[in-house]
Amino acid sequence: MSNRTWGGGEVYVLTLAKEQRENGHSVEIICADRPPVVDRFKKEGFKVTVLQMHGHINLFAPRKFARMIRKSDQPTVVHVHRIPDTVFASKAISLLPEDRRPSFIMTHHLIDLPFTDKKFDRPYEMLDRIICVSQKSKDTLLSVKSHIDPTKVTAILNSTKVVTTKSPENKPKDRPAMITYVGRVVKEKGVDTLIEALARVQGATLTICGGGASEKDEYVTYLHKLADRINVNDRINWTGFTTDVTKYIGEADIAVIPSRWQEPCALVNFEFLAAGVPLVTSNTGGQPEIISEGIDGLLVPPNDPKALAEAIQRLVDDPDLRKKMGEAAREKFLNRFTYDKFYQRVMSVYDEALGK
């Protein structure tokens, strides 16, 4: 892991690692020197090795990682989650003799590919299996990296173990509906579109549960100024960054994912589905693979405050529709997206990679 901050990818890894540990597997985390990430894994009781994975040329870190792999007396799987981390791990693995090389897996968490240079082709070729977090992610990867063997690539939609019990329906009838956003407060997530939409919505408040990329983040500052300018700040609850989102998910009447980028497969989809909360989401990336229009949520174009406001207002004005969609969301999660089902799918990819 080498991200500077804690986000959905880190939650994906932590949840999977804990499940593997509970099922008797030995799990070690390799991290760049990123204190927010390193400290969280250590707090959860994992052995964490910090290596200089990127930056200026470092010949020692890949060699150290290779020695760690060589010392293992058990079948080893190296599972990476970012393209730069794949490059780093491939350097270490290439230092090992063929009979000591581990199975090599990557979870591809993106749709838009930031690294398309041919220098990244060799690391992709070394991978035994690739897990893409949506069919859209898989299709895009194979169209850009046509040299990849498609039989090595599997699409597995994400899941969550954060299963929240929805708050009892004993709220005052005159209480405004609660719209809830959970996630990173960054431009690609389209939070500004949601705030602009709020100005068009009647009878609702908004909870923004999440923080920016830094303590003095320019985008967060811009959002506060925007909310002041259009006179909606008094209808917004800004929680800031929190690692426990269950309270806010449980209190939500309507969930919104207003992403403007190609959303690969946001974990928060499944947290809201599990809680029985209907979603309004941009129809970008893998979102249409998760949310069924008019059944458990509503799909809208990205960057369109008017369309977003109309979808939200429809649910605000119709509590019976909210309840019906929420029940459908919960049923979909239980039938298709439980973490046990997700874990079995991932571990079947491990079995394939180990069998090669």
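Tutor: Welcome! Helices (H or I, at least four residues) and strands (E, at least two) are DSSP runs, numbered from the N terminus. This is a predicted model, where local features need pLDDT of at least 70, side-chain atom pairs count only at pLDDT 80 or more, and totals for chains, interfaces and linings use all residues. Residues are numbered from 1 along each chain as its sequence is written, and side-chain values use heavy atoms, leaving out hydrogens and water.

Student: Where is Lys145 found?

Tutor: Lys145 sits in the loop between helix H6 (135–144) and strand S6 (153–155).

Student: Why is Lys145 called buried?

Tutor: Buried means under 20% relative accessible area, exposed over 50%, and partly exposed in between (1.4 Å probe, protein chains only). Lys145 has a relative accessible area of 1%, so Lys145 is buried.

Student: And what makes Asn231 count as exposed?

Tutor: Asn231 counts as exposed because its relative accessibility is 62%, and the cut-off for exposed is over 50%. Asn231 lies in the loop between helix H8 (218–229) and strand S9 (236–240).

Student: How far apart are the C-alpha atoms of Asn231 and Leu198?

Tutor: They are separated by 9.9 Å, with the two residues 33 apart along the chain.

Student: Back to Lys145: what joins the side chains of Lys145 and Asp121?

Tutor: A polar contact of 2.9 Å joins them. The term covers a pair of N or O atoms within 3.5 Å; within protein, one must be able to donate a hydrogen and the other to accept it, and residues adjacent in sequence count only if both atoms are side-chain atoms.
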